[in-house]
Amino acid sequence: MRLNKYIASAGICSRRKADELIANGNVRINGALMRTPGYIVEEGDKVSVNGKVIEGETRKVYIALNKPTGYITSMKDEHDRLTVADLITDIPERIFPVGRLDYNTSGLLLLTNDGDLAQKLAHPGHEVTKTYLATVEGVISDARLNRLRKGVDIGGFVTSPARVRVAKQMPRSTVVEITIHEGKNRQVRKMFAAVGNNVQKLERVSIGDIRLGRLLQGHYRKLTRQEIDYLKSL
Ligand code: URA
């Protein structure tokens, strides 16, 4: 197996990240520095990443977490803030988040040790749709909803057409369901800010056909076989 794939299959990271680790000189084969991602790992080779010997293929784990606000989408934090790893208690495999949700955003976050799948889902070309419920300030006019549908400039980037509908009207705020297939930093918040309705609360309710459903905040579940097959088929 090629070295970059071997590292990804050990659940350390995606294959692209493995390429970086190799290029940066973090990887050794039997103690010797190896900078060739295409090196073929042989039976008996000891592959180490940052000085730690890694095992090849491990059991693949696929988790859906309902991330609460106040947690960082990362498995560790230099500043000792709470991370999603603090919510995952009984999964011994080294899983990592697929994409990210802001500190102040809650909802569906997938985690896995399947580096290939993570890379595929994160790739802009795959365009997996993501649906959010955004609670925004005030009433949002049809003209503004239409601007969101067509695409808005969020600072040097014009968003692609989005699916948008009002889910609930309250006296001083509106819950809008919005489906996008891009993942620019703070994209949904920036889109609403661009039309003049700031987001007060943001929750991701689905990724493609995978739904948050009734999963409680801070809780997680394993994906079903069908859900895993679906993600792999994208
Ligand atoms: N868009 C945002 O603004 N924040 C998120 O966390 C996800 C999408």
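Trainee: How many bridges join strand β1 to β2, and which way do they run?
Mentor: There are 2 bridges between β1 (residues 27-29) and β2, and the two strands run antiparallel. Strands pair if DSSP finds at least two bridges between them. Helices (H or I, at least four residues) and strands (E, at least two) are DSSP runs, numbered from the N terminus.

Trainee: Which residue does Arg28 stand opposite in β2?
Mentor: Arg28 is opposite Leu33 there. Before we go on, residues are numbered from 1 along each chain as its sequence is written, and side-chain values use heavy atoms, without hydrogens or water. This is a predicted model, where local features need pLDDT of at least 70, side-chain atom pairs count only at pLDDT 80 or more, and totals for chains, interfaces and linings use all residues.

Trainee: What is the order of the strands in that open sheet?
Mentor: The order is β2-β1-β3-β4, an open sheet of 4 strands with antiparallel pairing. β2 (32-33) and β4 (52-53) are at the edges with a single partner strand each, so one side of each has no neighbour in the sheet.

Trainee: On to the helices. Which residues are buried in α2?
Mentor: Ala18, Leu21 and Ile22 are buried in α2, where buried means under 20% relative accessible area, with a 1.4 Å probe and protein chains only. They cover an arc of only 100 degrees around the axis, which puts them on the same side of α2. That arc is taken from the directions from the helix axis to the C-beta atoms.

Trainee: What do they pack against?
Mentor: The buried residues of α2 pack against α1 (3-9), β1 and β3 (47-49), with contact meaning heavy atoms within 4.5 Å. After α2 comes Gly25, with a positive phi near 80 degrees.

Trainee: And which ones are buried in α5?
Mentor: Gln187, Val188, Arg189, Met191, Phe192 and Val195 are. The buried residues of α5 pack against β7, β8, α4 (142-150), β10 (173-180) and β11. Just after α5, Gly196 has a positive phi of about 100 degrees.

Trainee: New topic: what volume does the largest pocket have?
Mentor: About 1300 Å³. A pocket here is an open set of points on a 1 Å grid over the protein atoms alone, where a 1.4 Å probe fits, with protein on both sides within 12 Å along at least five of seven lines; lining residues have an atom within 4 Å of a point. The volume is the space filled by probe spheres set on the points, which are joined across faces, edges and corners.

Notes. Buried < 20%, exposed > 50% of the residue type's maximum accessible area, 1.4 Å probe, protein only.
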